[in-house]
Amino acid sequence: MALLKSGWLWRQTAVLKRWKLNWCDLWIDGSLCFYKSDSRRDLELRVSLKMTCIDVRSGLECGGVNPPESSPRENLMVLHFRDGSTLNLCANSEDESLAWKLTMLDTRRNPVFQYDPYDDTYQAVPLNSYHTVYITPGAGPGTHQVVVQRDPFDGVVESVALGLLAGVAAGAAMRSFLWMPLFFC
């Protein structure tokens, strides 16, 4: 499975509301994993962003959350889940917080499509923790899979506008043909 982002983040515990420093991995399937150390041996928490997360806020958008004593408010991130719970995180800098936020939003929103050269189509790949995605760029021996992330609403407006234009043209053509027999009588 492909790793999108990893690094140290402060995480606020759910029960005692204390801040703990955890190593975090964000995987391509939308799993956000928290470990005790960067050796990734002791998994403390795993959150599926694609299934449960509805919003990610950072910086001054995080109202009502106090950062750790060594960090400013601009480093905060708050993940809101479907069940109403939240997960409070704090990065080491404001830039890192914004980078984590954008990566989480991109992972949560974008589906992954795989190109099938036999049908010349893109097929949606349902990513979860059981699938492995290999991305092999360039030419060379072996099997090559191309994974493309696209916006699912890309091109919707153009197709609707083209359909309306075609409908108007077809209606105008049909109307002129219906009056044609009356002119020759």
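Guide: With pairing. Two strands pair if DSSP finds at least two bridges between them. Helices (H or I, at least four residues) and strands (E, at least two) are DSSP runs, numbered from the N terminus. In E3, the bridge partner of Asp25 is Cys33. E2 and E3 pair in the antiparallel sense over four bridges.

Visitor: What kind of model is this, and how are residues numbered?

Guide: The model is predicted, so local features need pLDDT of at least 70 and side-chain atom pairs count only at pLDDT 80 or more, while totals for chains, interfaces and linings use all residues. Residues are numbered from 1 along each chain as its sequence is written, and side-chain values use heavy atoms, with hydrogens and water left out.

Visitor: How many helices and strands are in the chain?

Guide: The chain has three helices and 10 strands. From the N terminus on, the elements run β-β-β-β-α-β-β-β-α-β-β-β-α.

Visitor: In which order do the strands of the open sheet stand?

Guide: First the general idea. Strands of a sheet pair through backbone hydrogen bonds, either parallel or antiparallel. Here seven strands form an open sheet, in the order E4-E3-E2-E1-E7-E6-E5, and the pairing is antiparallel. Strand E4 (43-48) and E5 stand at the edges, each with a single partner strand, so one side of each is left without a neighbour in the sheet. Neighbouring strands are turned by 30 degrees against each other on average, direction ignored. Such axes are lines fitted to C-alpha atoms, for helices over the stretch in contact; angles run from 0 to 180 degrees between N-to-C directions.

Visitor: Which strands does E7 pair with?

Guide: E1 and E7 pair in the antiparallel sense over two bridges. Five bridges join E6 to E7, also antiparallel. Leu89 in E7 is the bridge partner of Arg11 and of Met77. E6 and E7 form a hairpin with four residues between them. In that turn, Gly84 has a positive phi of about 95 degrees.

Visitor: Is E7 largely enclosed or open?

Guide: Buried means under 20% relative accessible area, exposed over 50%, partly exposed in between (1.4 Å probe, protein chains only). Four of the five residues of E7 are buried, so E7 is largely enclosed by the rest of the structure. In the chain, buried residues make up 29% of the 185 residues.

Visitor: Which residues touch the most other members of the largest nonpolar core?

Guide: In soluble globular proteins, nonpolar side chains tend to be buried together. A nonpolar core is a set of buried Ala, Val, Leu, Ile, Met, Phe, Trp, Tyr and Cys residues joined through side-chain atoms within 4.5 Å. The largest one has 17 residues; Leu32, Leu49, Leu79, Leu89, Trp100 and Met104 touch the most other members. E6 gives the most to this core, with three residues. Another core, of six residues, lies apart from it and includes Trp19 and Cys62.

Visitor: How many aromatic pairs are there?

Guide: Rings of Phe, Tyr and Trp (its six-membered ring) pair if their centres lie within 6.5 Å; planes under 30 degrees apart count as stacked, over 60 as edge-to-face and the rest as tilted. The count comes to one aromatic pair. The rings of Trp8 and Trp23 have centres 5.3 Å apart and planes at 80 degrees, so the pair is edge-to-face. Trp8 is partly exposed, at 30% relative accessible area, whereas Trp23 is buried, at 13%.
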